[in-house]
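Please examine the sequence and the three-dimensional structure shown below. The paragraphs that follow lead through the fold step by step.

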Amino acid sequence: MIKVLKTGINVSKVIQQLKKYPQDWDHQKNLKDSQSLVDRGFDDLPVSALQLIIGGVKHKDDFVGDSEINIKTPAYAHHSEIRKIIRKQFKNAEIHRCGFLSLPVDEIVGAHIDEGTYYLSRNRYHLSILGRYQYFCGKETVIVEPGTLLWFNNKLPHGTVNIGDETRITFVFDIPHTYLCMHVYTC
């Protein structure tokens with residue numbers, strides 16, 4: 001299930017900050033007590049990450065998907081414009097794990113499900129920053145343009161295809177279910 005929440009969000013200041021701090025991409029590979037995409041077995045994916053809040057583990061063998069630990073990365077301070085947009089769209093919401101993901105032209109992130117107890121109490125969103133992509137979740141598909149905010153059920157198989165003519169960048173973020181119960185939907 002996919003739900004487009006808003007389109008036409010101005011992300012130009014977010015793009016300016018991304019250009020200002022290119023060194024922030026993939027910095028989490030060097031952080032202690034975290035697991036990057038590579039660490040989690042996704043080293044064959046063409047995805048690059050700029051994570052602002054990452055999951056942490058207490059022990060080397062722990063699975064980050066079962067951890068409630070959230071750690072702000074050094075890049076968090078550099079990317080205030082994305083946080084302003086999220087605060088405007090989700091008043092008083094606590095943002096948990098979040099970051100930018102890039103995907104080169106014609107590349108695919110195949111169907112997967114976000115696994116672990118961490119995801120049982122959170123909703124996942126995308127805010128498209130750059131590029132055009134096709135997003136699928138379950139049996140639904142949507143074409144996503146820059147400035148589109150969407151929610152999807154990350155407990156169903158989901159993935160994406162970059163169908164544009166430039167690298168796709170999207171901001172992926174998690175907000176606790178309780179936010180929706182209090183502010184958007186009736187539980």
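Does C137 count as buried or exposed? At 0% relative accessibility, C137 counts as buried, where buried means under 20% relative accessible area, exposed over 50%, and partly exposed in between, with a 1.4 Å probe and protein chains only. C98 also counts as buried, because its relative accessibility is 7%. With a disulfide defined as a pair of cysteine sulfur atoms within 2.5 Å, the count comes to 0 disulfides.

The model is predicted, so local features need pLDDT of at least 70 and side-chain atom pairs count only at pLDDT 80 or more, whereas totals for chains, interfaces and linings use all residues. Residues are numbered from 1 along each chain as its sequence is written, and side-chain values use heavy atoms, with hydrogens and water left out.

The chain has 3 helices and 11 strands; helices (H or I, at least four residues) and strands (E, at least two) are DSSP runs, numbered from the N terminus. Read from that terminus, the elements follow the order β-α-β-β-α-β-β-β-β-β-β-β-β-α. Of the 187 residues in the chain, 48% are buried. Contact means heavy atoms within 4.5 Å, and among contacts between residues at least 6 apart in sequence, 75% join residues at least 24 apart.

The sheet comes next. An open sheet of 7 strands has the order β1-β9-β6-β11-β4-β2-β3, with antiparallel pairing; two strands pair if DSSP finds at least two bridges between them. Because β1 (2-6) and β3 (70-72) stand at the edges with a single partner strand each, one side of each is left without a neighbour in the sheet. From one strand to the next, the twist averages 30°. With β11, β6 forms an antiparallel pairing over 8 bridges, in which the bridge partner of N123 is I175. Strand β6 is mostly covered, as 8 of its 9 residues are buried.

Axes are lines fitted to C-alpha atoms, for helices over the stretch in contact, and angles run from 0 to 180 degrees between N-to-C directions. Helix α2 (residues 80-89) lies across β1, β2, β4, β6, β9 and β11, running at about 125° to β6.

How do the two helices meet? The axes of α1 and α2 are 8 Å apart, at an angle of about 155°. The two are therefore roughly antiparallel to each other, a class that takes angles over 145 degrees, with under 35 counted as roughly parallel, 65 to 115 as roughly perpendicular and the rest as oblique. In this packing, K13, V14 and Q17 in α1 meet S80, E81, I82 and I85 in α2.

Finally, D66 lies in the loop between β2 and β3 and counts as partly exposed at 44% relative accessibility. D66 and E115 are 49 residues apart in sequence and 8.2 Å apart in space, C-alpha to C-alpha. Beyond its neighbours within four places in sequence, D66 is in contact with G116, T117 and Y118.
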